[in-house]
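Have your viewer open and your selection tool ready. We will go stop by stop, with something to select at each one.

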Amino acid sequence: MLKNFSPDALGINGRQSELIELALTYGFRGMDIDMTEMVRRSQRTSPEDASKYLKAAEIKVGGFELDIDLNAADDIFTSQVGTLHPMAELAGSLGARCAYVRIPVASEDTSYPEFFDLQTTRLKQVAEVLSGKDIKLAIGFNAGKELDEGKQFPFVRNTEGLIALVRAVGLAGTGVLLDTWDWVVGEGTMDQITGLKVEEITAVRLGSLAEDVEAGKATTTDRVLPEKEGAINHVELIKHLASINFEGPVSPSASSVRYKGQTRESTVQRAQEAVDGISTDAGLHVAPLPMELIEDIPYEPTPMG
């Protein structure tokens, strides 16, 4: 597993160099990056210049969000797939492990069966472009209860629908974005997770449902940093992932609304402590933070001349 820092998943933004520094400070070996911005930078200067901070830090690229609207009109979607080619080229050169996409929560004009077929076809197109550069596709859904209000045709709103869609795509390198907050709010169970093959899980996001909220009424702002226990026991989940040799990115997540007034550093530190605590209880080795390594070096006074 790759201990991965996802700024988006924590509601954090900043310059790439600042985010890389946060990742390194808190012991993350991987990091999600804004690949759309990386492409723009590489076009203004060069791919080497755009990626110089990443390469200097020797941090792995866990993944990146796809700038693709799976619910767009045909001509717009085709154009978006066209722009995916240079993005995949650059991401592949950086060793990116996967790309994330979330399926639409609803459709205004297409019923579930027709929309399911459309999404399957479109996801296959996206996956085929990525696979040419050895990049996996992680497919997720949004379980927040506010998102499909007023929509005529709700689409995938639970884990059962997500798993069915991913299996319908049926391409190697395409799997589930296993987001434990969405999993809980989307009526998912641990048994469903253990029923997935390791190749059906592309990436993992850890997040817990706020204690004062019922799953059936949860909105996207009700996500807090991952706790060890809950509707999904994160310690048992990490144990399971280790037992099946899952090697993808594992990222802590939270809604920034729940951590208003905190600095970026404070949020990232709490996220690091949460994921490290879960991993330790699951029996995994957790590498010390860089500062801890420095503090472990015994103090030796400078000899007097």
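Before the first stop, one term: two strands count as paired if DSSP finds at least two bridges between them. Keep in mind, too, that this is a predicted model.

**Stop 1: strand E9.** Select residues 174-179, which form strand E9. Is this strand enclosed or open? Six of its six residues are buried, so E9 is largely enclosed by the rest of the structure. To see how they line up, pick Leu 137 and look across to Thr 174 in E9, which stands opposite.

**Stop 2: the nonpolar core.** Show side chains for Phe 64, Ile 103 and Leu 130. In the largest nonpolar core, with its 86 residues, these three touch the most other members. Center on Leu 130 and display what surrounds it: beyond residues up to four places away in sequence, Leu 130 touches Phe 64, Leu 66, Leu 84, Ala 88, Ala 99, Ile 135, Lys 136 and Leu 137. Another core, of five residues, lies apart from this one; among its members are Cys 98, Tyr 100, Leu 177 and Ala 203.

**Stop 3: Thr 159.** Move to helix H7, residues 159-169, where Thr 159 has its place. Is Thr 159 buried or exposed? Its relative accessibility is 1%, and under 20% means buried, so Thr 159 counts as buried. Setting aside neighbours within four places in sequence, its contacts are Phe 141, Trp 183, Gly 186, Glu 187, Gly 188 and Gln 192.

**Stop 4: helix H1.** Select residues 16-25 and color Gln 16, Leu 19, Ile 20, Leu 22 and Ala 23, the buried residues of H1. Look down the axis: these residues cover an arc of only 160°, which puts them on the same side of H1. What covers them? Show strand E1 (2-5), strand E2 (30-31) and helices H2 (35-44), H3 (47-50), H4 (52-57) and H11 (264-281), which are included in that cover. After H1 comes Gly 27, with a positive phi near 75°.

**Last stop: confidence.** Color by pLDDT. The protein chain averages 92, and 95% of the residues score at least 70. Then select residues 293-305, where the pLDDT is below 50; this stretch has one contact in the model beyond near neighbours in sequence. Where pLDDT is low, the predicted coordinates should not be read in detail.

Technical notes: Residues numbered from 1 in each chain as written. Predicted model: local features only at pLDDT ≥ 70, side-chain atom pairs only at ≥ 80, totals over all residues. Heavy atoms only, no water. Buried < 20%, exposed > 50% of the residue type's maximum accessible area, 1.4 Å probe, protein only. Helix = DSSP H or I, 4+ residues; strand = E, 2+ residues; numbered from the N terminus. Core = buried A, V, L, I, M, F, W, Y, C linked by side-chain atoms within 4.5 Å. Contact = heavy atoms within 4.5 Å. pLDDT = per-residue confidence, 0-100. Arc of directions from axis to C-beta.
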